[in-house]
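Okay, thanks for coming, everyone. Let me put the model up on the screen and then walk you through it.

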Amino acid sequence: MAAIVCKEITKRYGNHQVVHKFDLSVRENEFVVFLGPSGCGKSTILRMLAGLEEISDGELTIAGKVVNDLPPRDRDIAMVFQNYALYPHMTVFDNIAFGLKRLKVAKAEIARRVRDVASMLGLETYLERKPAALSGGQQQRVAIARAMIKTPAVFLFDEPLSNLDAKLRNHMRVEIARLHQSLKTTTVYVTHDQLEAMTLADRIVLLKDGRIEQLGTPKEIYENPRTKFVASFIGTPSMNFIDMVVSSQGGNFVLTSGETRLVVQKVRYDLQAGQTVTVGIRPAHLEPAGENRDNNIIAGVVDLIEYLGNETLVNFALGTVEIGALLDAGTSPQIKQSCRLTVNEKHIHIFDRESELSLICKPS
Amino acid sequence: MAVKSKSPVSKLVLAGLVIIAVFPIFWVFLNSFKQLVDIVSTTPKFFFTPTLDNYIYVLGRENVQHGLINSIVIAGSSVLIGAALGIPAAYAVARYPNRFSDDIQFFVLSLRFLPPVAVAIPLIAIWLDLGLYDTRTALIITYTLLTMSTIIWLSIPAFSRVPREIEEAAIVDGYGPYAVFFKVALPVAAKSLIGAVIFSFILVWNEFLIALMLTTSDAKTLPIIASEFTLLGRNVPWGILNASVIVLSLPPLIFVGVMSGFINSALKKKD
């Protein structure tokens with residue numbers, strides 16, 4: 001049975017529609033991430049799931065029960081907020097126990113459960129402190145403990161790591177992944193950080209302007225982006241885009257832009273001769289070309305090098321666009337040297353210039 | 001204090017300002033224990049034989065005792081009622097804004113824009129008609145208008161500063177709107193709210209003009225009684241005046257002390 005079913009969920013503020021007929025079915029124990037730029041409606045949808053925001057239209061089912069008109073407390077959910085939202089006047093213990101106190105759980109039982117949750121998250125020594133006396137990471141752990149103690153059917157996370165510094169964020173991300181592995185609670189997690197989405201999600205819902213841009217596993221979304229927007233949003237460094245003109249040559253399409261010429265098999269793409277398309281190539285898929293290779297060559301003079309340790313991000317101009325390539329740090333060319341790169345045909349993405357939809361007809 | 005003075009010069013300046021602010025009060029305090037001759041001597045006297053005569057005179061007078069009780073009852077009740085009505089009102093305006101919120105805020109404060117006389121004259125007519133002129137009830141109700149508007153005005157920003165997410169967390173934790181108000185919003189905003197309550201208390205405790213116009217004998221408050229000491233003729237009884245100023249100043253000080261003690265204990269409380 002699906003844990004959460006959204007059927008044509010819509011959100012309007014007056015005449016302004018921010019979420020358009022959102023359809024999603026989250027399976028039991030699944031970890032779903034809503035990913036998108038700010039203003040894409042991801043937090044609004046999460047808040048509608050939580051019951052903090054009214055649903056303008058559509059039907060929301062949680063654990064088999066239509067919850068559209070139920071208050072948060074009757075939805076069997078728990079939520080972790082971006083700013084932790086701890087009660088500043090209560091100790092960590094009281095923060096965690098606050099939800100149970102309303103349910104009139106016996107004192108001894110509350111104490112036992114708080115201690116259980118606190119020990120899972122390494123908070124035992126902080127129980128008597130006030131939130132202000134904790135670091136950001138500890139506060140976020142308290143917020144997670146407060147959500148966990150209610151043993152809800154669904155966890156909702158609203159950008160829980162965005163207030164933490166980079167190192168702590170990585171650490172907490174791993175902790176959240178571990179927690180989900182052990183608790184298996186169905187989780188909906190909102191973020192604008194594609195790395196968080198890729199590493200945590202069973203499935204990613206990529207949103208743009210209140211609509212689903214693509215829904216799939218991180219691998220599906222990375223390898224077969226449905227639109228140019230998805231392709232540019234996922235993956236660091238981000239994908240290179242080159243506008244090219246299509247011509248037909250036997251069983252192949254030839255894509256040209258200035259000196260650059262790419263040859264791809266007709267069966268894989270849905271193209272017309274004479275059409276202008278946007279070609280996308282990830283920096284990681286560019287590799288040094290052998291001497292005697294002469295097709296699918298992208299070449300230029302290096303104008304910027306960013307050293308990343310194992311790899312360097314080599315930048316050069318190709319016509320009017322700047323191309324980035326992730327190359328092995330040991331063999332990468334130096335600045336002002338020319339570099340000659342190639343790409344495997346299966347890593348070439350082609351998008352319609354107008355609709356920005358992918359023109360790959362047979363995903364590899 | 002979080003601010004640390006860095007140089008001795010800034011400490012000196014600070015000390016100077018504190019002396020300027022506190023010295024007159026200190027001098028009044030000193031004078032309240034002096035005989036009249038020590039007060040009116042041409043060289044200021046720091047050393048003298050203290051006397052309690054001034055206090056005995058002031059506190060011994062029946063109208064002072066009566067005024068003190070009036071002031072405590074009237075200021076206390078009007079602050080209590082003003083807080084009980086004003087704090088929830090401020091919360092409602094801050095948390096559930098509607099198209100009238102701005103008007104409500106302006107209207108509430110407009111009472112304070114008018115000169116007190118303009119407020120007092122119609123009130124005289126109203127209380128006379130109702131047969132409540134020169135009663136504590138009339139003053140309590142009148143002062144409640146002042147305390148309530150002040151408390152609402154000062155409490156709205158206090159509640160606006162409570163992060164909305166904290167209240168939402170409480171809602172997700174299962175609490176209804178009243179519980180969210182009493183268990184989360186109120187304690188989190190308490191520090192600023194108590195400031196508002198203290199301010200409104202001082203406002204009505206020191207209020208003079210309206211009290212002067214709305215009372216003739218029974219409901220006179222302490223400021224009115226104290227002012228009457230100056231009407232005793234050309235021979236100003238300085239010692240008595242100073243003693244009455246101290247008597248007048250003590251209750252607000254005690255009130256502030258009690259309230260801030262209450263804040264501290266509330267904030268330190270473990271449970």
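Some housekeeping. This is a predicted model, where local features need pLDDT of at least 70, side-chain atom pairs count only at pLDDT 80 or more, and totals for chains, interfaces and linings use all residues. Residues are numbered from 1 along each chain as its sequence is written, while chains are lettered from A and ligands numbered from 1 in the order in which they are written.

So, chain A. Its C-alpha trace spans about 80 × 45 × 35 Å along the principal axes. We have 8 helices and 20 strands here; those are DSSP runs, H or I of at least four residues for helices and E of at least two for strands, numbered from the N terminus. Of the 364 residues of chain A, 40% count as buried. Buried means 20 or more other C-beta atoms within 10 Å of the residue's own, exposed means 12 or fewer, and partly exposed is in between, with C-beta atoms placed from the backbone.

Chain A comes in two pieces, domain 1 (2–233) and domain 2 (240–352), with bounds from an automatic or database domain assignment. Their C-alpha centres lie 39 Å apart, and the contact takes 4 residues from each of domain 1 and domain 2 of chain A. Contact here means that the C-beta atoms, placed from the backbone, lie within 7 Å.

The peptide bond from Thr236(A) to Pro237(A) is cis, omega near -15°, and Pro237(A) sits in the loop between helix H8 (228–233) and strand S11 (240–249) of chain A. Then there are two glutamates with positive phi: Glu8(A), near 50°, in strand S1 (residues 2–13) of chain A, and Glu159(A), about 40°, in the loop between strand S7 (154–158) and H5 of chain A. Buried or exposed, for Glu8(A)? Glu8(A) counts as exposed because it has 11 C-beta neighbours inside 10 Å. Glu159(A) has 21 inside 10 Å, so that one counts as buried.

On to chain B, which is split into domain 1 (8–40) and domain 2 (55–268). Their C-alpha centres lie 29 Å apart, with 9 residues of domain 1 of chain B in contact with 7 residues of domain 2 of chain B. Helix H1 (8–31) and helix H2 (36–40) of chain B each supply at least two residues on the domain 1 side.

Have a look at helix H7 (residues 136–160) of chain B. H7(B) packs against H9(B) at an angle of about 145°, axes 9 Å apart. Axes are lines fitted to C-alpha atoms, for helices over the stretch in contact, and angles run from 0 to 180 degrees between N-to-C directions. Which residues of H7(B) meet H9(B)? Among them are Tyr143(B), Leu146(B) and Phe159(B), and on the H9(B) side you'll find residues including Ala185(B), Leu193(B) and Phe199(B).

Finally, the two chains together: 15 residues of chain B are in contact with 18 residues of chain A. On the chain B side, helix H8 (164–172) and helix H9 (177–205) are the elements giving two or more residues. H8(B) gives the most, with 6 residues.

That's my tour; over to you.
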